[in-house]
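Please look over the model shown here together with its sequence.

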Amino acid sequence: MTEIAWWKRGIVYQIYPRSFQDSNNDGIGDLEGVRQRLDYLVWLGVDAIWLSPIFVSPMADFGYDVADYRAIDPIFGTLEDFDDLLADVHKRGLKLILDFVPNHTSVVHPWFLDSRASRDNAKRDWYIWRDPAPDGGPPNNWLSNFGGPAWTLDGASGQYYYHAFLSQQPDLNWRNLAVRDAMYDILRFWLDRGVDGFRVDVIWHLIKDDAFRDNPPNPAYDSKQAEINRYLQVHSADQADVHDVVAEMRNVIDTYPDRVLIGEIYLPLERLVTYYGNGLAGAHLPFNFQLIHTAWNAREIASLIHDYEIALPEGGWPNWVLGNHDQPRIGARVGQDQARLAAMLLLTLRGTPTLYYGDEIGLNKIEIAPELVQDPWEKNEPGLGLGRDPERTPMQWDSSHYAGFSKVEPWLPLGLSSSSCNVAALREIPRSILNLYRRLVDVRRKHLALSVGDYAQLAVSSAQVLAYEREFGADRHVVVLNFGHCDCEVALPQTESPRCILLSTCLDRDGEPIGRILKLRPHEGVIVAYG
Ligand code: GLC
């Protein structure tokens, strides 16, 4: 077991630090709060924590606009708090992964202040400056991911700077080698402190077309979509040379033992898998977000798993994600019953699962009143359902006034059901989704077939049922998931060995012996053990 890297056999848990635990009662979560909740994560059984950005930031994009990569924002604490947290994480046998945001800085980062100071400043070329188009408008048609043009005119120097996101997030020029060196030094700064790896923000954006050609129109665009979809992002991201940068980052990581490089990549499968790099010298785990965007039914998911397994390069390690701080929660997308099935799917597929905080207590749709909106994307493009606040609301710990998250009003509202939907209450209910997550984590940890074993889809899969086998040496399990709203019966493959239910999503069939025919209730998933 120990020769399999921790990031292959383990489970990652994403924390959005503003919303996990507030320890100083300012309504915003912090590092000391995370430290206070580590025992919960040990109880849940996860292996690694990924923290969304905690660095000094004016918070235009809630920390994804970094003004100092080597210091902790006072909202979250101090460098000393960070060191204390890291020590406690390690003491409990957990790992800590930081969020590295290299594509852009904050507009108030000293590098950008220098860069914008004059056209001949030594840091001018650290960012992407272009002359206006002949009509005085932006240099090309590239759009911001948060709506509107991706270029902002700097009146003083008469040039535009490029920002793939907010105008407060100017893109660095990764073709400039001094930028790369400065960024790799930052990686070393945190690696030397002992962090176990990085999730790299929008890694596929780092290099842009060097001729800055216009993006082609997207024929499938309609005005109900985010404006970024007006054009296909052919020239503004996913350029061939980006793989050199990813390989360089990997080199830095590899000079330290046992660290992980995860890349945030929203691309179709065939493009996504290129980020493993030539000879697997790229990201260890290019995040696989396909479950977020695939229609939630047995057939689509079966073919997604099949296509992904086929697309993976030899030796490339798979990974799966159900949600994150940018995507509607799984409970909101598929409903509470199917959210339990989704948990079983995530935790029984081949590859590293990443859990998103709060999914384990079934947080789902939380309406944010217009006057409470925080997300800059929702503010820029209101009414299209793009807002990311609903998936960033505070963790619900107990039934006290602010759900044990804080003693004052939190920065985002709690879910309506916080008096019952909270860790303390759900821990006491044997069949709660929280206890289901914990059991799934536990069985995955105990059975190598479920974490690192081979995957094979079973022929009995149908429009309603997805069934697959996981196998590692003599250890063999079958997972059967009913995506439908009615009962069903599945004929399991013939076998000599006796079979019984190891775990059902309903948590009430442990040890039940199974013959050839397995009966499932609506929305039910089961793990069947052999022998
Ligand atoms: C990533 C982050 C998202 C952020 C964006 C710009 O997609 O996950 O939260 O807004 O990058 O940094």
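## Domains and basis of the model

Domain bounds are taken from an automatic or database domain assignment. On that basis the protein chain is divided into domain 1 (6–103 + 177–439), domain 2 (110–162) and domain 3 (455–530), and the C-alpha centres of domain 2 and domain 3 lie 57 Å apart.

This is a predicted model, in which local features need pLDDT of at least 70 and side-chain atom pairs count only at pLDDT 80 or more, while totals for chains, interfaces and linings use all residues. Residues are numbered from 1 along each chain as its sequence is written, and side-chain values use heavy atoms, with hydrogens and water left out.

## The ligand site

Polar contacts here are pairs of N or O atoms within 3.5 Å. A polar side-chain atom of D201 lies 2.8 Å from an oxygen atom of the ligand, a side-chain N or O atom of H325 is 2.8 Å from a ligand oxygen, and for D326 the corresponding distance is 2.5 Å. Taken alone the ligand exposes 310 Å², of which the protein buries 96%, with accessible areas computed by the Shrake-Rupley method and a 1.4 Å probe.

## Pockets and the cavity

On a 1 Å grid over the protein atoms alone, a cavity is a set of points where a 1.4 Å probe fits but cannot get out, whereas a pocket is an open set with protein on both sides within 12 Å along at least five of seven lines; lining residues have an atom within 4 Å of a point. Volumes are the space filled by probe spheres set on the points. The largest pocket has a volume of about 1,200 Å³, and of the 39 residues that line this pocket, N145, I228, N229, Y266 and W377 are closest to its centre. The ligand sits in the largest pocket, meaning that more than half of its atoms lie within 2 Å of the grid points.

The second largest pocket holds about 370 Å³ of space, and its lining of 19 residues includes K365, I366, G385, G387 and P390 nearest its centre. The largest cavity, with a volume of about 30 Å³, is lined by residues including L322, G323 and Y437.

Key
A polar contact is a pair of N or O atoms within 3.5 Å; within protein, one must be able to donate a hydrogen and the other to accept it, and residues adjacent in sequence count only if both atoms are side-chain atoms.
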